[in-house]
Amino acid sequence: MRILVTGGAGLIGSHLVDKLMEKEKSEVIVADNYFTGSKDNLKKWIGHPRFELIRHDIIRPLFVEVDQIYHLACPASPIFYKYNSVKTIKTNVMGTLNMLGLAKRLRARILFTSTSEVYGDSLEHPQKETYWGNVNPIGVRSCYDEGKRMAETLMFDYHRQYGIEIRIARIFNTYGPRMNIDDGRVVSNFIAQAIRNEPLTVQLPGTQTRSFCYVLDLVDGLTQLMEGTDTGPINLGNPGEFTMNELAKAVQELINPEVQISEVENTPDDPRQRKPDITKAKERLGVPRT
Ligand code: NAD
Ligand code: UDP
Ligand code: UDP
């Protein structure tokens with residue numbers, strides 16, 4: 001089995017590569033442009049005979065020969081996906097089109113990592129896969145939210161029109177080792193601030209919620225989805241829900257009881273509540289790792 005992982009130098013991708021490489025016979029090719037990822041995350045595999053790392057931007061066509069495609073390439077942190085929003089759209093739309101063209105030529109199965117952001121500022125709580133979302137089409141987050149929505153549409157059209165085997169995961173906030181310290185997401189921000197003894201920046205109102213999943217559990221969900229029979233979309237995440245005020249207090253207690261908590265301005269269109277309904281994942285993907 002030869003497997004392509006786009007975005008394999010990033011947080012989730014590099015842990016996925018670790019898991020795929022542990023299978024004795026699988027060969028893994030990573031295609032990444034290192035925008036938010038790093039070779040360092042893959043250093044233990046560089047030089048391994050079953051591993052190949054290609055510097056490649058997926059908005060350009062890619063010609064390799066593989067049996068499966070895990071298509072993750074896309075910056076996940078709002079700071080980075082807003083930095084060059086047009087590029088984020090190209091990555092999601094042109095990049096996904098290229099990966100689907102590749103899947104079509106090879107008749108390869110393709111898994112796409114979508115996001116809870118497709119639900120937008122959700123009017124349903126918790127979010128089920130059947131909810132169509134409440135997304136601003138012209139806001140500063142739209143390059144990511146709408147880009148992912150268009151990519152899901154492309155996945156289903158290639159499936160219906162050409163019979164491509166697709167899998168779609170809607171991932172909720174994920175954290176873990178190898179998160180870039182300057183990544184800008186809340187978990188890494190609070191931890192880095194606590195270590196540096198700088199105030200934890202809770203963006204107002206602080207009552208907004210998120211549900212955080214550990215990266216290795218998420219990776220198990222991705223491989224189970226790929227190996228199963230369901231196209232998805234399937235929510236992958238941890239339903240434990242926290243306000244950002246609670247998260248800041250937890251980090252303060254665990255890391256630095258002296259650190260201050262400060263309230264700062266929020267960014268536009270920040271979703272107020274986010275918690276996955278994971279009934280479908282439990283029914284269709286089997287038992288989570290213990
Ligand atoms: P990450 O930023 O750590 O990794 C993304 C990887 O994609 C990086 O290695 C980056 O260099 C690469 N990349 C970006 N644009 C590219 C391009 N045009 N061509 C080639 N490579 C490119 O993010 P992550 O947390 O590992 O997220 C992986 C996937 O999961 C993304 O598609 C993201 O949208 C999705 N996701 C993540 C979360 C989360 O909380 N981590 C939540 C929902 C969805
Ligand atoms: N593509 C690719 N690798 C391949 C096959 C196709 O990157 O192995 C790209 C191709 O360049 C095109 C996209 O995937 O831009 C969609 O391919 P498809 O065959 O569906 O469309 P077409 O080439 O007919 O426009
Ligand atoms: N947030 C915060 N302080 C920070 C960074 C983020 O309070 O330093 C909040 C942000 O307003 C949002 C939540 O944390 O409500 C999650 O933000 P993140 O950027 O981690 O991911 P998102 O779920 O928005 O993609």
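Author: Pro233 lies in the loop that runs between helix H6 (215–227) and strand E11 (234–236), and the peptide bond that joins Gly232 to Pro233 is cis, with omega near 5°. This is a predicted model, in which local features need pLDDT of at least 70 and side-chain atom pairs count only at pLDDT 80 or more, while totals for chains, interfaces and linings use all residues. Residues are numbered from 1 along each chain as its sequence is written, and chains are lettered from A and ligands numbered from 1 in the order in which they are written.

Reader: Why is Arg107 called exposed?

Author: A residue is exposed if 12 or fewer other C-beta atoms, placed from the backbone, lie within 10 Å of its own, buried if 20 or more do, and partly exposed in between; Arg107 has 11 within 10 Å, and is therefore exposed. Arg107 sits in the loop between helix H3 (85–106) and strand E5 (109–115), with phi near 55°, a positive value in a residue other than glycine.

Reader: Why does Asn197 count as exposed?

Author: Asn197 has 11 C-beta neighbours inside 10 Å, so it counts as exposed. Asn197 is in the loop between H5 and E8, and its phi, near 60°, is positive although the residue is not glycine.

Definitions and conventions:
Helix = DSSP H or I, 4+ residues; strand = E, 2+ residues; numbered from the N terminus.
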